[in-house]
Amino acid sequence: MTYQHIIESLDCSIFHEGDEFAESEIRDVVTSDLMSDVLLADTEDFILVTSLSSDQVIRTADIVSARGVLLVNGKKPQAGMLKLAKDHGLTLLGTSSRTFPACVALARLLEQC
Amino acid sequence: MTTLPFDTLDSSLTLVELIYRLKIKDAMVRNVHTAGRTDSLRTIQKLMKESSVTGIPVKDGKRLIGLVSVDDIMSALDGNYIEDKAEDHMSRNLIVLEDDMPLSFAISYFEKYRYGRFPVLNKDKELVGIISSRDIIVSLLLEINKEVERLERENDSGSQQTESGHMVRRFMVKQLDFEKAGKASTEIKKLLKAKGIDTRLIRRIAVAAYELEMNLVVHTHGGSLSITLEPDHVEIRAQDRGPGIEDVELAQTEGYSTANEWIRSLGFGAGMGLPNVKRVSDQFSIQSKPGEGSLVVCTINLPQEDSHDDKPDD
């Protein structure tokens, strides 16, 4: 799936378009509010889904080479988080969906696209 | 009023050391313009104007007997006695400093008294200089600049070559500095990328560095994170200044954590840090002494051209 699919399906706000926004192919999803668990994830080309809106989310996403971050539950990025996303060229999206429906929608997209 | 940062609980040790190490003679102006006791206030006023100073010590031979300040000159102009002799109107109850005293004395004198400058005497009570708050600012700025440059060199030493021709880099990590937490690991990741190392290996190394960096921020009084890049392996080393780990075995158990709720709210403190570092490393060691500090060293092997000893990710 692409960012465009995600944005349409979950009616996302785009806080920042990362370096490879248009051409990114997202093949997996990692969902956690615990960054320690995100560090354990062993997968590639994934988007990180979380309701945590701190700087450390972007740091963690960068360390594990996530393609981007999707904030759920209507969370807005804190100022530092947005700046870091820009610095690291990471895509940062937001949706008002709760974590579970957001993940269900993403799972359907992964199957379809 | 702001408490000056010396000899207080939140004083930086480096600063305290600096203002005690620096002596008044290191900061004072030595080439002092002086006047004699019989010089007129008019003469002194001209001398002030020519030499751009706001206070002229008055001497009798080698002995300091008083000081004429801009205030005294203004009073003289106002009271019409500007042609009078210095000794008739100068300030006599002088507060003086000694040239061998630490700079901290001068700073506290400026805090305590409202004077703009203090004459400085040597051991033989001879006038050897004069010190103003400006002189203190200048000397402190010069010294602090030297000190900061030294610390910067020491802390973020850039890339150094090891004996085998490879690279070492060290980053300082501060306690509870969540704003910068992860920055060192991000730098390490960039560095490895620039060296053209395989992306899966970079991720393992970055995860180890990041977990150790977060540990330094969350659990220690601060310390350093360093990376050594050798031809066949990468070593990440986290060294801290305490408090040390009571039970090293327990600390390596999955799910065990001493992190508080606040740290957990940031997405950390799940007790997965050290186990995760171990998971991504080929070699792992930890040494700790309660009350002193800990040293965690982990190594990740780099694949050699003729072998494939790369450990899988899981």
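Helices (H or I, at least four residues) and strands (E, at least two) are DSSP runs, numbered from the N terminus. With that noted, I looked up B:Lys189 and found it in helix α8 (residues 183–194) of chain B.

Ground rules for these notes: this is a predicted model, where local features need pLDDT of at least 70, side-chain atom pairs count only at pLDDT 80 or more, and totals for chains, interfaces and linings use all residues. Residues are numbered from 1 along each chain as its sequence is written, chains are lettered from A and ligands numbered from 1 in the order in which they are written, and side-chain values use heavy atoms, with hydrogens and water left out.

**B:Lys189**

Is B:Lys189 buried or exposed? I get 9% relative accessibility, so B:Lys189 counts as buried (buried means under 20% relative accessible area, exposed over 50%, partly exposed in between, with a 1.4 Å probe and protein chains only). Next I listed its contacts (heavy atoms within 4.5 Å), skipping neighbours within four places in sequence. B:Lys189 touches A:Asp62, A:Ile63 and A:Ser65 in chain A, plus B:Ile202 and B:Ala206 in chain B.

**B:Ile236**

I moved on to strand β10 (residues 233–240) of chain B, where B:Ile236 sits. B:Ile236 has 0% relative accessibility, so this one is buried.

**Chain B overall**

I counted 12 helices and 12 strands in chain B. Of its 314 residues, 45% are buried. Taking contacts in chain B with a separation of 6 or more, 59% are between residues 24 or more positions apart.

**α9 and α12 of chain B**

Helix α9 (residues 199–219) and helix α12 (residues 273–280), both of chain B, have axes that come within 9 Å and cross at roughly 155°. Axes here are lines fitted to C-alpha atoms, for helices over the stretch in contact, and angles run from 0 to 180 degrees between N-to-C directions. That makes α9(B) roughly antiparallel to α12(B) (under 35 degrees is roughly parallel, over 145 roughly antiparallel, 65 to 115 roughly perpendicular and the rest oblique). The crossing of α9(B) and α12(B) is left-handed, meaning that the near helix is turned anticlockwise from the far one by less than a right angle, with clockwise being right-handed.

Which residues of α9(B) and α12(B) meet? Among them I noted B:Arg204, B:Glu211 and B:Leu212 from α9(B), and B:Leu274, B:Asn276 and B:Val277 from α12(B). By class, this contact of α9(B) with α12(B) has 6 nonpolar, 2 charged and 3 polar residues. For the classes, Ala, Val, Leu, Ile, Met, Phe, Trp, Tyr, Cys and Pro count as nonpolar, Asp, Glu, Lys and Arg as charged, and the others, Gly among them, as polar.

**α1 and α5 of chain A**

I also checked helix α1 (residues 3–10) and helix α5 (residues 99–112) of chain A, whose axes come within 10 Å and cross at roughly 135°. α1(A) and α5(A) are therefore oblique to each other, and their crossing is right-handed. A:His5, A:Ile6, A:Ser9 and A:Leu10 in α1(A) meet A:Ala102, A:Ala105, A:Leu106 and A:Leu109 in α5(A).
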